[in-house]
Amino acid sequence: MSDSPFLKPDDESVTGSVFKDLPLSIFNQDGTLKNVSNKFVSTFLKNRVDPNLLNLEELSKYTFPLEQIRVKKKKCSKKRQQLLSVSEKKQLGLFKINTKKLKFDDFVPIHNLWVQYMDEVIQKSSDPSQLHQKLMKADYHGCFLVVCAARCSSYVGVSGIVIQETRNTFKLITNKNKVTIIPKRNTNFAFQHNGKFYKIVGNNFQSLTYERAKGKQKQAKCMDV
């Protein structure tokens, strides 16, 4: 018998086994299998295997390709974290400030930090139009503001450090430790920096800090130098 690795060696100990030798006609001279048609394989199985143990028609229903089956990985969709709305923040009291314990001296270091911040903003502005946009997008928490004009005469002359800014108001703490809310509408504010005075037109400044930082103010003049 050939030395093909596909042929069962002669061994008396396995006499009567269900395994039988493959015919030599399906092997090449080097012992490898020839390209055998499916018809030959079906005929070989019918002749060598008990039909009661093997039903070829039934097995044909359960044939699978020998290729690696690719399983599509499900992409884990990261749900965007839901942010709190403005009304929810108000209900939680995030905008409320306990004004009874606030002191003007506690905000002086914050004002000094704002002065350093404004130094960087102005130094990076090379021309007046660019300076206007930089000042519009700036954050004024910590700025020392003065009300220079207002429809309500009682607001004129009020000054203090900005401790909170909303869409329509500036909340200032005065040097007498009094917290005052000044509406932006029909009010002009001014602040001094490095010997220059800058005026904020309140009617055209009615927006939140992050909203001003997004785009340009082209229609109305909001700042005067």
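Helices (H or I, at least four residues) and strands (E, at least two) are DSSP runs, numbered from the N terminus. By that rule the protein chain holds 6 helices and 7 strands. This is a predicted model, in which local features need pLDDT of at least 70 and side-chain atom pairs count only at pLDDT 80 or more, while totals for chains, interfaces and linings use all residues. Residues are numbered from 1 along each chain as its sequence is written, and side-chain values use heavy atoms, with hydrogens and water left out.

**Confidence**
- The mean pLDDT (the predictor's confidence in each residue, from 0 to 100) of the protein chain is 75, and 61% of its residues reach 70 or more.
- Residues 1-15 have pLDDT below 50, and beyond near neighbours in sequence this stretch has 20 contacts (heavy atoms within 4.5 Å) in the model.
- Where pLDDT is low, the predicted coordinates should not be read in detail.

**Layout and burial**
- From the N terminus on, the order of elements is α-α-α-α-α-β-β-β-β-β-β-α-β.
- Of the 225 residues in the protein chain, 25% count as buried, that is, under 20% relative accessible area with a 1.4 Å probe, protein chains only.

**Nonpolar cores**
- A nonpolar core is a set of buried Ala, Val, Leu, Ile, Met, Phe, Trp, Tyr and Cys residues joined through side-chain atoms within 4.5 Å.
- The largest has 22 residues, and Met118, Tyr140, Leu145, Phe170 and Phe191 have the most contacts inside it.
- Elements giving two or more residues to this core include helix H4 (108-123), helix H5 (128-137) and strand E1 (144-150).
- H4 supplies the largest share, 4 residues.
- Another core, of 6 residues, lies apart from it and includes Leu102, Phe104, Phe107 and Ile161.

Definitions and conventions
Buried means under 20% relative accessible area, exposed over 50%, partly exposed in between (1.4 Å probe, protein chains only).
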